[in-house]
Amino acid sequence: MKEETAQLDLKVRTKRFAVRILKFANSLPTSLGGTTVAKQIVRSGTSVAANYRAACRARSKKEFLAKLGMAEEECDETLFWIESAVDEGRVSSSKVAALATEASELLAILVSSIKTARRNLP
């Protein structure tokens, strides 16, 4: 029961993260660079939630690990794009601090989940 609650909580959290990413992307400048960053961050940021949901519906432990691995990669990429937007001066670090923190926390949770799932493989 506790595991199901944790999955539901993470489903909600990753979905909220995706919505926040969409709002952030819409706030970026419409220059060529801004549009490029916006498209990349929308793709990777929303993929975290989509891949986590897919992991929850996995038909095997190997499929579960593969989907979690994709969510981890996309979360790390999202963090990269957030950092890049700050580094390029497209957005202030204070404006995205909470979003970057959430990305880092989700990444840590996903990494921990992958490690636990690997230990539990037969």
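Q: How many residues does helix 4 have, and how far does it reach from its first C-alpha to its last?
A: Helix 4 has 27 residues and reaches 37 Å, close to the 39 Å expected at 1.5 Å a residue. The expected span is 1.5 Å times one less than the number of residues. Helices here are DSSP runs of H or I with at least four residues, numbered from the N terminus.

Q: What kind of model is this, and how are the residues numbered?
A: This is a predicted model, in which local features need pLDDT of at least 70, side-chain atom pairs count only at pLDDT 80 or more, and totals for chains, interfaces and linings use all residues. Residues are numbered from 1 along each chain as its sequence is written, and side-chain values use heavy atoms, with hydrogens and water left out.

Q: What pLDDT does the chain average?
A: The average is 92, and 93% of the residues score at least 70. The pLDDT is the predictor's confidence in each residue, from 0 to 100.

Q: And where is confidence lowest, and where highest?
A: Confidence is lowest in helix 1, with a mean of 87, and highest in helix 3, at 96.

Q: Back to helix 4: where does it bend?
A: Helix 4 bends by about 30 degrees at Leu99. The bend at a residue is the angle between axes fitted to the seven residues ending there and the seven starting there.

Q: Which residues of helix 4 are buried?
A: They are Val96, Leu99, Ala100, Glu102, Ala103, Leu106, Leu107, Leu110, Ile114 and Ala117. Buried means under 20% relative accessible area, exposed over 50%, and partly exposed in between, with a 1.4 Å probe and protein chains only.

Q: Which residues of the largest nonpolar core touch the most other members?
A: Among its 31 residues, these are Phe17, Phe24, Ile41, Ile82 and Leu110. Helix 1 (2-27), helix 2 (32-56), helix 3 (61-87) and helix 4 (93-119) each supply at least two residues of this core, and helix 4 gives the most, with nine. A nonpolar core is a set of buried Ala, Val, Leu, Ile, Met, Phe, Trp, Tyr and Cys residues joined through side-chain atoms within 4.5 Å.

Q: What does Phe17 touch?
A: Not counting residues up to four places away in sequence, Phe17 touches Gly45, Val48, Thr78, Leu99, Glu102, Ala103 and Leu106. Contact means heavy atoms within 4.5 Å.

Q: Is Leu79 buried or exposed?
A: Leu79, in helix 3, is buried because its relative accessible area is 11%. Leaving aside neighbours within four places in sequence, Leu79 is in contact with Ala100, Ala103, Ser104 and Leu107. The C-alpha atoms of Leu79 and Leu107 are separated by 8.9 Å, although the two residues are 28 apart along the chain.

Q: What about Asn26: buried or exposed?
A: Asn26 belongs to helix 1 and is exposed, with a relative accessible area of 67%.

Q: New topic: how many aromatic pairs does the structure hold?
A: The structure holds one. Phe80 and Trp81 form this edge-to-face pair, at 5.0 Å centre to centre and 75 degrees between the planes. Rings of Phe, Tyr and Trp (its six-membered ring) pair if their centres lie within 6.5 Å; planes under 30 degrees apart count as stacked, over 60 as edge-to-face and the rest as tilted.

Q: How accessible are Phe80 and Trp81?
A: Phe80 counts as partly exposed at 45% relative accessibility, whereas Trp81 is buried at 16%.
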